[in-house]
Amino acid sequence: MKSYDVVDYGAPLRKVERPTPQPQGTEVLLRTLAAGVCHSDLHIHEGWYDLGGGKKLMAKDRGFLPPITMGHEIVGEVVAVGSEASGVKIGDKRLAHPWIGCGSCAVCRRGTEQLCLTPRFLGIHRPGGYADHVLVPHPRYLLDIGKLTPAQAAPYACSGITTYGALKRVGEALYREEPILVIGAGGLGLMCLTLLKALGGRGAVVADIDPKKRQAALAAGALAAVDAAAPDAAKQAQEAAEAPLAAAIDFVGASATARLGIDAIARGGKYVIVGLFGGDITLSLPFLPMRAITIQGSYVGSLAEIKELMALVGTGKVAPMPVSERPLDDANAVLEELRGGRITGRAVLRP
């Protein structure tokens, strides 16, 4: 099998040829049909996260050790199954839920494997979709893609479940009754707009520094789009909403966007941070109880949540996000385009 691997942090991915794995026990072997390229891949590739104040969290300290075959948004065709695997058959096209835990700890038993302290995430801890084959440990992590093409379905494994999970953290009671602020109009932000509409949300004002992405957000149904870099961006967002902003979902996760999100929400609102761009903020503590706001992190989503999401997608209410298909051999070029902010929607690799 062929893959493109991180062999040294920050270095170009290296093409590697190795024997195609054979599934054992409950394992299922997929022939990769599509693999989304995610901003998280940039952090894994670079090998560190910006903690602000000159501090870094090294990827190796999170268990991301080269060689790494990235790619956690995977759709593949079942080509072989282990002797104990059931529920799928050869030829099935399936979306792989990549956020796999140990399966036995208290966190996993609660159904939140994505928060497991000893994870087995596809494309991070286990080889992922930047390859022509992927080994999945159990059929329960494989979901039917219905009428979607592989390229359309792949982003739901991260972009989709991450935004769906963030909306769940906001809560239906808030997003159905009041507009929210979405910070960042990349793949996650655009996905959030489509899911919010499908879930009956009141709507969202979008903030982004890129005018092209703001236009894409408006085309995707945003109530308004403001320049996140404007000194009065929070005020602009509030005025554009024509109602209190119940929540802000930050898909960037930078110091400036955190300040924007916290400043823009109404009393009693929620600021949900998803993005990992990096940095830090200083908060005046008395304002937290005075404003009664909630600051919450949201990390992808659970297996149960992605099943809910794919059931919603299956109703036809979710408009597919814009995707551009590229050959797997373009993996290095696509990473650089994503790093430079030159991709709208989601780029998907196909072997």
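At what angle do the axes of helix α4 and helix α11 cross? This is a predicted model, in which local features need pLDDT of at least 70, side-chain atom pairs count only at pLDDT 80 or more, and totals for chains, interfaces and linings use all residues. Residues are numbered from 1 along each chain as its sequence is written, and side-chain values use heavy atoms, without hydrogens or water.

Select residues 159–170 (α4) and 303–314 (α11): their axes come within 10 Å and cross at roughly 100°. Axes are lines fitted to C-alpha atoms over the stretch in contact, with angles from 0 to 180 degrees between N-to-C directions; helices are DSSP runs of H or I with at least four residues, strands runs of E with at least two, numbered from the N terminus. Now show the contact (heavy atoms within 4.5 Å): α4 contributes Gly160, Ile161, Tyr164, Gly165, Lys168 and Arg169, and α11 contributes Glu305, Ile306, Glu308 and Leu309.

Next, select Trp99 and Phe121. They form an edge-to-face aromatic pair, 5.1 Å centre to centre with 80° between the planes; rings of Phe, Tyr and Trp (its six-membered ring) pair if their centres lie within 6.5 Å, and planes over 60 degrees apart count as edge-to-face. Both residues are buried, meaning under 20% relative accessible area (1.4 Å probe, protein chains only).

Trp99 lies in the loop between β7 and α2, Tyr299 in the loop between β15 (294–297) and α11, 200 residues apart. Ring pairs link Trp99, Phe121 and Tyr299 into a cluster.

Key:
Rings of Phe, Tyr and Trp (its six-membered ring) pair if their centres lie within 6.5 Å; planes under 30 degrees apart count as stacked, over 60 as edge-to-face and the rest as tilted. Buried means under 20% relative accessible area, exposed over 50%, partly exposed in between (1.4 Å probe, protein chains only).
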